[in-house]
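Please look over the sequence and the model before reading on.

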Amino acid sequence: MARRRNILAGAVLMAAFGAIGIAQAQTISFADAATVLAKDCGADIKKLCSGVNLGNNQIQSCLERHQAKVSPTCTSTLASVTASIEQRLAAQAVVFKVCGGDAATLCKGVKGEAHILQCLIKTTRIDGGKCNQAITDAGWR
């Protein structure tokens with residue numbers, strides 16, 4: 001069952017990334033993720049997971065437990081939204097490491113991560129590159 005789920009999730013992720021383009025993929029916000037999931041998975045959640053709490057990935061776990069009964073649209077949406085949220089969280093975790101050089105050059109004298117981040121977001125001197133993509137993927141631009 002777990003192997004089948006991993007194969008299906010991998011195939012869906014490959015299709016989703018192929019459709020949106022990995023290099024310039026934009027991550028999805030938590031609010032947008034909830035909206036998309038409600039639209040594409042609402043009927044499945046209501047039918048298969050009524051009464052399940054939202055926290056601690058319980059809805060996702062419920063949908064995975066009932067995978068054989070979940071609509072293909074919901075399965076695809078859940079996989080792509082999960083991948084996007086994971087990408088956003090990963091970018092947020094490493095943005096200061098990725099942008100350290102740009103921050104030292106473009107934001108000299110600025111103290112504190114929040115202020116440095118504001119400086120990096122506002123600067124137009126970051127044209128492309130890993131820092132710009134990390135800020136975009138983190139959902140801060």
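## The kinked helix

Helix α4 has a kink of about 35°, centred on Gln92. The model shown is predicted. Helix α4 has 27 residues. From its first C-alpha to its last it reaches 37 Å, close to the 39 Å expected at 1.5 Å a residue.

Ser76 is found in this helix, which covers residues 72-98. Ser76 is partly exposed, because its relative accessible area is 36%, and buried means under 20% while exposed means over 50%. Asp40 sits 36 residues from Ser76 in sequence. In space the two are 9.2 Å apart, C-alpha to C-alpha.

## Confidence

The protein chain averages a pLDDT of 80. Of the residues, 79% score at least 70. Over residues 1-24 the pLDDT is below 50. That stretch has 18 contacts in the model beyond near neighbours in sequence.

## Four disulfides

How many disulfides does a search of the whole structure find? The search finds 4. A disulfide is a covalent bond between the sulfur atoms of two cysteines. With the bonded cysteines of the protein chain numbered in sequence order, the pairing is 1-4, 2-3, 5-8, 6-7.

Three of these links are described below.

## Cys41 and Cys74

A disulfide joins Cys41 to Cys74, with an S to S distance of 2.2 Å. The link is right-handed, with 110° about the S-S bond. Cys41 lies in helix α2 (residues 30-48) and Cys74 in helix α4, so the pair ties together parts 33 residues apart in sequence.

Cys41 is buried, with a relative accessible area of 0%. Cys74 also counts as buried, at 0% relative accessibility.

## Cys49 and Cys62

Cys49 is joined to Cys62 by a disulfide, S to S 2.0 Å. This link is left-handed, with -100° about the S-S bond. Cys49 lies in the loop between α2 and α3 (58-65), and Cys62 in helix α3, so the pair ties together parts 13 residues apart in sequence.

Are these two cysteines buried or exposed? Cys49 is buried, with a relative accessible area of 2%. Cys62 is buried at 1%.

## Cys107 and Cys119

The sulfur atoms of Cys107 and Cys119 are 2.0 Å apart and form a disulfide. The torsion about their S-S bond is about -95°, so this disulfide is left-handed. Cys107 lies in the loop between α5 (100-106) and α6 (113-122), and Cys119 in helix α6, so the pair ties together parts 12 residues apart in sequence. Cys107 and Cys119 are both buried.

Notes
Residues are numbered from 1 along each chain as its sequence is written. This is a predicted model: local features need pLDDT of at least 70, side-chain atom pairs count only at pLDDT 80 or more; totals for chains, interfaces and linings use all residues. Side-chain values use heavy atoms; hydrogens and water are left out. Helices (H or I, at least four residues) and strands (E, at least two) are DSSP runs, numbered from the N terminus. Buried means under 20% relative accessible area, exposed over 50%, partly exposed in between (1.4 Å probe, protein chains only). pLDDT is the predictor's confidence in each residue, from 0 to 100. Contact means heavy atoms within 4.5 Å. The expected span of a helix is 1.5 Å times one less than its number of residues. The bend at a residue is the angle between axes fitted to the seven residues ending there and the seven starting there. A disulfide is a pair of cysteine sulfur atoms within 2.5 Å.
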